Amino acid sequence: MIFNLLYHIGRYIMLLKQTFSRPENLSMYWKETMRQMEDIGIGSLIIVVLISVFMGAVAAVQFSYQLDGTLVPRWYIGYIVRDLAIIESAPTITCLVLAGKVGSNMAAELGTMRQKEHIDAMDLMGVNTAAYLILPKIIAAVFMIPLLVTLSGYVAIGGGFLATVPTGTLSADEYERGLRAFFLPHNVTMMYVKAVVFAFILTTVPCFQGYYVKGGNIELGKASTNAVVYSNIMILLADYLLAVLLTG
Amino acid sequence: MIRAENIFKEFDGHEVLKGVSMEFNPGKTNLIIGRSGAGKTVFLKILVGLMEPSAGKIWYDKIDFFSLNKKQARAIRLEVGMLFQGSALFDSMKVEENVRFPLDMFTTHTLAEKNKRVDSCLERVGLVGAHKKYPSEISGGMQKRVGIARAIAMAPKYLFCDEPNSGLDPRTALLIDELIQDITYEHNMTTIINTHDMNSVMEIGDNIAYLHEGRLVWQGSKEDVLTSDNELLQGFIFASPFLQRLRSAALKQG
């Protein structure tokens, strides 16, 4: 069990070493990176907006219920929704969802390429397949996911507004007062650090799973599932570690 | 010239290749034949360097391939073209992009020069006008042709073909065989084909190597196949009673 774990960790590190090597042709890598940016960024816009609006709305409704009958001022709802979005929901929940969408897609894409001998064909031509197929995905994710997380934060705050102001739970001024209260720029830094780390995890772990697929469709399905499961575990573990490091 | 020297390969204690040695010369279509599970594909993958042998050496002219570092191996690979069993065309790229891929990756030619080369390769395999199609929009035979066009785009010295006729009707298979043979002669390439298609054996086999249970048991030309008294080879080539009768009749007529 432990030997197996160490074997896979070692293999993952070796793959990363191979991935971060000098590109054969920058323009080909650039083209592939642009394609990945479109896939990851534009392709995930709708799902990110949808989950974010509901995350913000649910947070607002839940905290409104929690604060009901207490001495805590109601405008605190805006403050709580904002910090919850910035610190946790925008980076973590968004990346967990993206691990399911983008990560499984990457594992399936690379796994299919392995099975259909596309990777062998590139290897044979002399292409560093780990670098050409994985590096553009990492670069694209590390640039696009923080942008998606930023959007998620704004939309979640908007979701909180929609769930509370039109329903009369609190006024727009109260919500805005909450949003402006106790703002710490460090929290935004924390959000971006998390976004970058999670983006790295949700691309490299699925790529590792897909790149080394052996066998047929059942193994490909397993690799895709493992990609999501392991990415989620790694993201949550990293979330905890970052929380400890960045708030200590 | 490519030379395999005493190649062994085992997977989890199971020996697939048991000391295979053979030589492949330029300007000839070299066929590796054998029953399913004989070790043909493993041998081909070792020859092209996609798999390392458990023991033995592969020589490209006077260079021991597996002693090379990555950079040196890459230089050799630029001289290798391969047609895969399933063609291995990149689904997200058009036909022309597939053929241009190695040129885009490894040359500094202008786009016009690269396109000119793509045109000539596609023309050579008889695919004029398929440039803008995706692999999913063309037939299996056309995909094989695109695979050949991509394999020859870098003007390789060595051409490898893994089951080039699999999934093709006999007529198309014959055309693909002829195309591979013509290209081999035109460019004086060392071509190695892994097949169990008997039509290929009798049509284009300049040098045929028969693998049986991981060992090389027979080697000769297509003319030698008919007259060989190797029982394993005869049992493989003339497997059906019809073919056995045909062979007897052919031998009687001299």
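Trainee: How many residues does the contact take from chain A and from chain B?
Mentor: This is a predicted model, and in it chain A puts 13 residues into the contact while chain B puts in 15 residues.

Trainee: Which helix gives the most to the side of chain A that touches chain B?
Mentor: That's helix H4 of chain A, residues 118–125, with six residues.

Trainee: And what's that side of chain A like by class?
Mentor: There are five nonpolar, three polar and five charged residues on the side of chain A that touches chain B.

Trainee: OK, new topic. Is strand S8 of chain B enclosed or in the open?
Mentor: Strand S8 of chain B, residues 190–194, has five of its five residues buried, so it is largely enclosed by the rest of the structure.

Trainee: Which way do the residues of S8(B) point?
Mentor: Thr190(B), Ile192(B) and Asn194(B) point one way, and Thr191(B) and Ile193(B) the other way. In a regular strand, side chains alternate between the two faces of the sheet.

Trainee: What does S8(B) pair with?
Mentor: Strand S3 of chain B, residues 28–34, runs parallel to S8(B) and is joined to it by five bridges. Strand S7 of chain B, residues 158–162, also pairs with S8(B) in the parallel sense, over five bridges.

Trainee: What do S7(B), helix H6 of chain B and S8(B) make?
Mentor: A right-handed β-α-β unit, with H6(B) covering residues 170–187.

Trainee: Last one: how many residues of H10(B) are buried?
Mentor: Zero of its twelve, so H10(B) lies largely in the open.

Terms used. Residues are numbered from 1 along each chain as its sequence is written. Chains are lettered from A and ligands numbered from 1 in the order in which they are written. This is a predicted model: local features need pLDDT of at least 70, side-chain atom pairs count only at pLDDT 80 or more; totals for chains, interfaces and linings use all residues. A residue is buried if 20 or more other C-beta atoms lie within 10 Å of its own, exposed if 12 or fewer, and partly exposed in between; C-beta atoms are placed from the backbone. Helices (H or I, at least four residues) and strands (E, at least two) are DSSP runs, numbered from the N terminus. Two residues are in contact if their C-beta atoms, placed from the backbone, lie within 7 Å. Ala, Val, Leu, Ile, Met, Phe, Trp, Tyr, Cys and Pro count as nonpolar, Asp, Glu, Lys and Arg as charged, and the others, Gly among them, as polar. Two strands pair if DSSP finds at least two bridges between them. A crossover is right-handed if, with the strands pointing away from the viewer, the path from the first strand over the helix to the second runs clockwise.
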